[in-house]
Amino acid sequence: MNIMALYMKKIPNNPQFETTSTTTTQHSKIQKMLNETIKPHIQTFHSLLKTPSVLLCIIQGAPGCIPWGIINTYLNDYLSQDVGLSVEQATFVVLVFGVGTFIGQFVGGAYGTHLYQKDVRYPNLLSGTMAIVGCIPLWILINYDITPENDDTKAKVTWYMLTSSLISGVGASVTGPIVKATLTNVTIPTSRGQAFALLNTFDDFGRGLGPMFIAMLIRTFGSRRKAFNVGVGGWILCGFINGALFCTVVRDEGYVQDVVASRMMMLDNGVVVDEEDG
């Protein structure tokens with residue numbers, strides 16, 4: 001009898017039940033971890049994408065990256081091989097475009113702030129208008145042919161192209177600081193990091209797709225000039241999307257200000273604020 005009792009103690013009561021219990025416990029821990037870490041981020045992203053101004057700020061960069069793909073990847077080679085500039089001149093034209101982008105970012109930041117003090121909608125009109133205007137000098141630059149009869153003529157043509165490059169750079173880069181300022185104003189502080197993560201992700205994605213899209217256009221049209229003329233139109237679409245913020249930014253920014261004000265009031269009253277609310 002004692003031998004049988006000892007033998008029965010060595011046998012597990014219910015191995016299948018113990019395995020099932022362990023699996024259930026692990027599943028509960030995983031579910032809890034997902035609810036505490038990933039689910040709040042998904043809810044935040046969903047809330048951001050439901051905000052019209054945030055959505056417009058994010059998607060405006062997609063068409064805008066197509067002309068940038070032309071400039072960053074193809075323009076230098078195009079100017080030297082197709083337009084007729086020397087390699088040195090082509091490089092200098094692109095360099096002048098870069099100077100224009102520096103000026104445009106300064107103008108976008110400084111003058112955008114000035115316009116914001118008058119009306120929160122005006123900076124978006126500026127960014128949209130400048131994006132569209134920037135297409136014109138870039139089209140001139142792409143479609144200009146150099147057929148000089150002497151060195152003096154070539155020098156004049158080069159200065160003409162440098163001016164077009166500079167103005168195009170200014171127009172193209174005004175949008176950047178204004179979009180970032182707008183995105184800051186239409187997102188509550190606790191979700192601002194996720195909003196800029198989305199913006200940067202879409203911008204990086206567009207930088208890769210822009211040159212690929214242009215390559216597809218070149219294959220379709222059989223000409224770099226025709227493909228570039230179509231691709232530059234991306235700034236027009238970008239400009240209209242920025243202009244659409246004129247209709248949404250007042251309501252979305254007002255909502256953010258109300259949420260922040262209510263949270264500050266709750267903190268002053270000693271109430272614990274749930275960061276996921278709003």
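Six helices each put at least two residues into the lining of the largest pocket: helix 4 (61-83), helix 5 (87-118), helix 8 (151-173), helix 9 (175-185), helix 10 (192-221) and helix 12 (234-244). Helices here are DSSP runs of H or I with at least four residues, strands are runs of E with at least two, and both are numbered from the N terminus. Keep in mind that this is a predicted model, where local features need pLDDT of at least 70, side-chain atom pairs count only at pLDDT 80 or more, and totals for chains, interfaces and linings use all residues. Residues are numbered from 1 along each chain as its sequence is written, and side-chain values use heavy atoms, with hydrogens and water left out.

So what is a pocket? On a 1 Å grid over the protein atoms alone, a pocket is an open set of points where a 1.4 Å probe fits, with protein on both sides within 12 Å along at least five of seven lines; lining residues have an atom within 4 Å of a point. The largest one has a volume of about 560 Å³, a volume being the space filled by probe spheres set on the points, which are joined across faces, edges and corners. Its lining has 25 residues, and the closest to the pocket centre are Trp68, Gly176, Lys180, Asp203 and Arg207. Helix 4 gives the most to this lining, with 7 residues. By type, the lining splits into 9 nonpolar, 12 polar and 4 charged residues. For that sorting, Ala, Val, Leu, Ile, Met, Phe, Trp, Tyr, Cys and Pro count as nonpolar, Asp, Glu, Lys and Arg as charged, and the others, Gly among them, as polar.

Now step back to the whole chain. The protein has 13 helices and 0 strands. Of its 278 residues, 37% count as buried, meaning under 20% relative accessible area with a 1.4 Å probe and protein chains only. Look at contacts (heavy atoms within 4.5 Å): among those with a separation of 6 or more, 78% join residues 24 or more positions apart.

Next comes the inside. A nonpolar core is a set of buried Ala, Val, Leu, Ile, Met, Phe, Trp, Tyr and Cys residues joined through side-chain atoms within 4.5 Å. The largest one has 27 residues, and Tyr78, Leu79, Leu138, Leu141, Ile214, Phe228 and Trp235 touch the most other members. Helix 4 supplies the largest share of this core, 8 residues. Leaving out residues up to four places away in sequence, Leu79 touches Gly84, Leu85, Ala90, Val93, Val94, Leu141 and Met161. There is also a second, separate core of 14 residues, which includes Leu48, Leu183, Leu198 and Leu199.

How many disulfides are there? The count is 0, a disulfide being a pair of cysteine sulfur atoms within 2.5 Å. Take Cys135: its closest cysteine sulfur, in Cys238, is 8.9 Å away, so that pair is too far apart for a bond. Cys135 is buried because its relative accessible area is 0%, and Cys57 is buried at 0% too.

Finally, visit two other helices. Asn124 sits in helix 6 (residues 122-133) and is buried because its relative accessibility is 1%. Beyond four places away in sequence, Asn124 touches Ile178, Thr182, Asn242, Gly243, Leu245, Phe246 and Val249. Val259, in helix 13 (residues 249-268), is buried at 10% relative accessibility. The C-alpha atoms of Val259 and Ile188 are 7.5 Å apart, though 71 residues separate them along the chain.

Key. Buried means under 20% relative accessible area, exposed over 50%, partly exposed in between (1.4 Å probe, protein chains only).
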